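Take a moment to look over the chain below. The briefing then goes from the overall layout to single residues.

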Amino acid sequence: MALVSDRSNRVGVNGRRALRFALALAVLAAAAFLAESALATSRSERNLGAMNHQVLAAVNRFRVAHGLVALRESAGLDRSARQHSLEMGRLGYFDHSSADGTVFWRRIQHYYPARGHSYWSVGENLAWRAPSLSAAGAMQLWIGSPPHLKNLLSRQWRQIGISAVSAGQAPGVYGGQHAIIVTTDFGVRR
């Protein structure tokens, strides 16, 4: 593929050097822009791995205390929850549907497919607070809400995915504050 072309299709030695130099500068500028963008994202939105484990432990303690089985962590449900927490923090909304209006179960289905299973079902709990939220705080919010409590106490769930995200200067509903956003996706496939 030709990067530059003229009518005679000839570029002299100096022209080729200039072309390579310009191309190298363009590549370096693009790389610097991408690195800065990635750094900005990692500074403003970061996964809270320890909190993910604390939420998992709290959910399972609560379930076991109510005579239910503990849930196993699912990598697919974790990815779905992470994608949603990050998107909400980045775009400044708080809803089960995705920013483009996709219903929550379709998003989850992308990461936790139903194909090959005769039964598939998913649920989701969300929580956020500024400037901070603990696993115990998330549990209190969910226990105090009948639909969220119903998810916590559902006998059908077998797997769970969790993503707690720290979003600095989160826009929209977060009012530019630092916010902790937690998405918990529940699932069962048989």
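Along the sequence, the protein chain follows the pattern α-β-α-β-α-α-β-α-α-β-β. That pattern holds six helices and five strands. The model is predicted.

**The chain as a whole**

- The protein chain has 190 residues, and 38% of them count as buried.
- Consider the contacts in the chain with a separation of 6 or more: 70% of them join residues 24 or more positions apart.

**Helix 3**

- Helix 3 covers residues 75–91, which makes 17 residues.
- From its first C-alpha to its last, helix 3 reaches 24 Å. That is close to the 24 Å expected at 1.5 Å a residue.
- At its start, a side-chain oxygen of S74 comes to within 3.3 Å of the backbone nitrogen of G76.
- After helix 3 comes G92, with a positive phi near 75°.
- Which residues of helix 3 are buried? They are G76, L77, D78, S80, A81, H84, S85, L86, E87, M88 and G89.
- An α-helix has 3.6 residues a turn, so residues three or four places apart point the same way.

**A closer look at H84**

- H84 is found in helix 3.
- Is H84 buried or exposed? H84 counts as buried, because its relative accessibility is 0%, and the cut-off for buried is under 20%.
- Leaving out residues up to four places away in sequence, H84 touches Y93, D95, H96, S97, S98, R107, E124, L126 and T183.
- One of these partners is D95. The backbone oxygen of D95 lies 2.7 Å from a polar atom of the H84 side chain.
- H84 and T184 are 100 residues apart along the chain, yet their C-alpha atoms are separated by 9.8 Å.

**Helix 5 and its cover**

- Helix 5 runs over residues 135–143. Its buried residues are A135, G137, A138, M139 and W142.
- What covers these buried residues? The cover includes helix 2 (49–65), strand 3 (120–129), helix 6 (146–152) and strand 5 (179–189).

**How helix 2 meets helix 5**

- Two packed helices are described by the angle between their axes and the distance between the axes.
- The axes of helix 2 and helix 5 come within 9 Å and cross at roughly 45°.
- Why are the two helices called oblique? Angles under 35 degrees count as roughly parallel, and 65 to 115 as roughly perpendicular. The angle here is roughly 45°, so helix 2 and helix 5 are oblique to each other.
- The crossing of helix 2 and helix 5 is right-handed.
- On the helix 2 side, M51, Q54, V55, A58, V59 and F62 make the contact. On the helix 5 side, A135, M139, W142 and I143 take part.

- Most residues other than glycine have a negative phi, and most peptide bonds are trans.
- The peptide bond from A130 to P131 is cis, with omega near 0°.
- P131 sits in the loop between strand 3 and helix 5.
- Q169 has a phi near 50°, a positive value in a residue other than glycine.
- Where is Q169 found? Q169 is in the loop between strand 4 (159–167) and strand 5.
- Q169 counts as exposed, because its relative accessibility is 69%, and the cut-off for exposed is over 50%.

How values were computed: Residues are numbered from 1 along each chain as its sequence is written. This is a predicted model: local features need pLDDT of at least 70, side-chain atom pairs count only at pLDDT 80 or more; totals for chains, interfaces and linings use all residues. Side-chain values use heavy atoms; hydrogens and water are left out. Buried means under 20% relative accessible area, exposed over 50%, partly exposed in between (1.4 Å probe, protein chains only). Helices (H or I, at least four residues) and strands (E, at least two) are DSSP runs, numbered from the N terminus. Contact means heavy atoms within 4.5 Å. The expected span of a helix is 1.5 Å times one less than its number of residues. A polar contact is a pair of N or O atoms within 3.5 Å; within protein, one must be able to donate a hydrogen and the other to accept it, and residues adjacent in sequence count only if both atoms are side-chain atoms. Axes are lines fitted to C-alpha atoms, for helices over the stretch in contact, and angles run from 0 to 180 degrees between N-to-C directions. Angles under 35 degrees count as roughly parallel, over 145 as roughly antiparallel, 65 to 115 as roughly perpendicular and the rest as oblique. A crossing is left-handed if the near helix is turned anticlockwise from the far one by less than a right angle, and right-handed if clockwise.
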